[in-house]
Structure formats: C-alpha cells, structure tokens
Amino acid sequence: MRMPPVLRAQARACAMLDSPFMARLLNGLADHWPADSALGRLCEGWEDVDLGPSGASLPLRIAGGLHALVLRGEDAALAAVYPPRDVSDAALIDGVLTALPRHEAFFAEWMKSAPQTNEVRRSAVLIAAAHEIAARHPLPLALSELGASGGLNLMFDRFALETPAGRLGPDAPALTLSPTWEGPFPAPRPVTVAERRGVDLNPLDAHDPTDALRLSAYLWADQPHRMELTRAAIAVQAAPVDRADAIDWLGTRLEMPCPGQVHLIYHTVAWQYFPAASQTRGRALIEAAGARATADSPLAWLGMEADGGNGAAVTLRLWPGDITLPLGRADFHGRWIRWAAR
C-alpha cells in the first residue's frame, strides 16, 4: 500500500507545526488505512508518483475534506470526535473510518483539487520586508503576488506585526501577528500600497461561501487562532486575484509602467512548486525588468521559500543595482522569524 507511509510522513510534519490532532488523525489513518474503500482505491491508484506534500498532498486533501464536513455541520458523529472535544485515539479513528463511507461522493469530488491554504501569518514577513524596502526606496508599492490563493496576504499593509522587539503596521489593524522574533527589528517607515493584484492557477474568492470554506478547511482543527486570523483577513480582502499561469501573467504585469512606485513581486512557499522551466523563464523576465528599473521606478523581488534549511529562506532582490539582501529565515506557518537585515 502506498498511502500509510505518506500519511505517517505528513503526521510528523504536522506534529512539528504544533498540530497534535493532525498527527493523531493521520497516524490513525496510516494504522487503519481503508485500502478496500472507495477513497482507498482512489488514492492507491493515483497517477502521481509523489503522494505527499511535494506532490499530490493526498493526506492533506483527506484531512481537509474531513474538516470541511465538520465545518459544514453535515456529520454530527464526525464533529463529535473533532476539537475542541478531546477523545481517545481509538474513538477518533473509529469516528473517521465510519464517516468516510457516508461521504464517498463528497470525497470523490473534493480530492480532485489540490490543497489551498492562505497562511495569513506569513504576512509578518511581508510587513517586515516592506519596511526594509521603504528604507531604501520611500515610494508607494505596487504589489504582484504569485500563487496568491485567496489573496489574503495581498492585504498585509492592513495588518500589524507586534513583538517584544518592536511594532509595525497601522494603528487600527484588521489583525495583529505576533511571531517569535530573533534578530534586528526593522525601523518603522511609512508603507503605502498604491495598487495590488495576484495570480493563481485556481484562485479562491474569499467572499464566496464555498471558497471561504475551502480556505478554512485546510486550517487545522486544533489551531483555532489560525481560523480567527483568516476570518479577520477575509473581512478586509479587496484585492483581485487572476486565474492564470503565474509566469505568463507576470510577463504581462512587468510591462505595466509604475512611475513613482516600487513594483514588489513576491511569493511565499509557492515558487518552489513551479516547474523548473517556469522558474527559469520567470527569473529571466524579472531580471530583464530589473535591468530597466530606475530610481523613480524600482523593482523588488521577495521570496519566502524552502531551501533545505530550517524553515524558509527570506530573500530580497532590488533594482536598480541588482542588490541581493538575505533578510533571514521564517517558519513556514509564520510562527517564528529570524531576521538578518540591518
């Protein structure tokens, strides 16, 4: 069977990201995987070679579907074994395994779409980076987010970053992010967003109940604070997200003149999933646009992506001058930030 080891690997990852419930759920499914069920046959016959987080992410699709059923109030027996209720491992897996046959049609449809989260806590990195950019180029920002999902992180200027090291953001923020912070704290600067837009292969409309449910379902049931942050971000989301290939879209976007503005291109845990050829083409497009940048129309490229180290590397390139700034590292879910910029 292909699924049990993939489920256990995802369980370990969830445990490291402070979700003991997800670890219990996925380990329980690994121990009692229903290979002869409709879901079991669907997963075991999946065409992708990699069923885990770097590929099809089937464990997260299953967990997201179960959580969606709970959030929709469609299965009281399943909800009875979900947080905030505290049940034994045996009761949890029994509740899940008895729920799966009741919702075969639902899972057949749900599993067709890859997981989509919009981890709002990553905006802590965006807030800090925007202040670093403003220190070098005190101009309004034009935002272009690649892999924007529901566009919640396009609204980062409406959020506050508050740590013992300092505070950044508006006086009346839509939400406040408080990661564990290490390293120098960026000096407060005026940050203004003049224009914002994102792209995604499958954009979600955060104000559509079905899409909002999908965003919420991929949050983990034992982390209610993430749900609170997401709902607060949805309330202020006002940025368009286009349905397109990110690099095709970026090529058109880079032709947009931005006089008197910094064009900030950014992505958080998205670029690493682009095909290698797309990465190469995207890099060439950005570097060519950077060569055309001027002091009155600078270009910034910010990435928060895995590089094999602990968490994600946060790197900023600025033009004119093609300056590369290693800003530090951040947890994939924004729980901690180790800033290096001075």
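This is a predicted model: local features need pLDDT of at least 70, side-chain atom pairs count only at pLDDT 80 or more; totals for chains, interfaces and linings use all residues.

Colleague: Great, sheet then. What is the strand order in the open sheet of nine strands?
Modeller: The order is β5-β12-β11-β10-β9-β8-β1-β6-β7, and the pairing is mixed. At the edges stand β5 (180-182) and β7 (241-243); each has a single partner strand, so one side of each is left without a neighbour in the sheet. From one strand to the next, the twist averages 20 degrees.

Colleague: And how many bridges join β1 to β6?
Modeller: Six, with β1 (residues 141-146) and β6 (residues 193-200) running parallel. Within that pairing, S144 is opposite R197, and the β6 bridge partner of L143 is R196. β1 also pairs with β8 in the parallel sense, over five bridges, and there L143 stands opposite L264.

Colleague: Is β1 buried or exposed, then?
Modeller: Buried: six of its six residues are, so β1 is largely enclosed by the rest of the structure. L141, L143 and E145 point one way, while A142, S144 and L146 point the other way, and all are buried.

Colleague: Which strands does α8 touch when packing on the sheet?
Modeller: α8 touches β1, β5, β8 (262-268), β9 (299-306), β10 (312-319), β11 (323-330) and β12 (336-339). Its direction makes about 25 degrees with that of β12.

Colleague: I spotted a histidine, H131. Where is that?
Modeller: H131 sits in helix α8, which covers residues 123-136.

Colleague: Why does H131 count as buried?
Modeller: Because its relative accessible area is 7%, and the cut-off for buried is under 20%. Leaving aside neighbours within four places in sequence, H131 contacts L168, G169, P186, A187, P188, R189 and V191. A polar atom of the H131 side chain lies 3.0 Å from the backbone nitrogen of R189.

Colleague: Switching topic: which residues touch the most other members of the largest nonpolar core?
Modeller: F156, F159, L302, L327 and W339, in a core of 50 residues. α8 gives the most to this core, with eight residues. There is also a second, separate core of 44 residues, and A56, Y82, L92 and L213 are among its members.

Colleague: What does L327 touch, not counting residues up to four places away in sequence?
Modeller: The contacts of L327 are A129, E132, L302, V314, T315, L316, R338, W339, A340 and A341.

Notes. Residues are numbered from 1 along each chain as its sequence is written. Side-chain values use heavy atoms; hydrogens and water are left out. Helices (H or I, at least four residues) and strands (E, at least two) are DSSP runs, numbered from the N terminus. Buried means under 20% relative accessible area, exposed over 50%, partly exposed in between (1.4 Å probe, protein chains only). A polar contact is a pair of N or O atoms within 3.5 Å; within protein, one must be able to donate a hydrogen and the other to accept it, and residues adjacent in sequence count only if both atoms are side-chain atoms. Contact means heavy atoms within 4.5 Å. A nonpolar core is a set of buried Ala, Val, Leu, Ile, Met, Phe, Trp, Tyr and Cys residues joined through side-chain atoms within 4.5 Å. Two strands pair if DSSP finds at least two bridges between them. Axes are lines fitted to C-alpha atoms, for helices over the stretch in contact, and angles run from 0 to 180 degrees between N-to-C directions.
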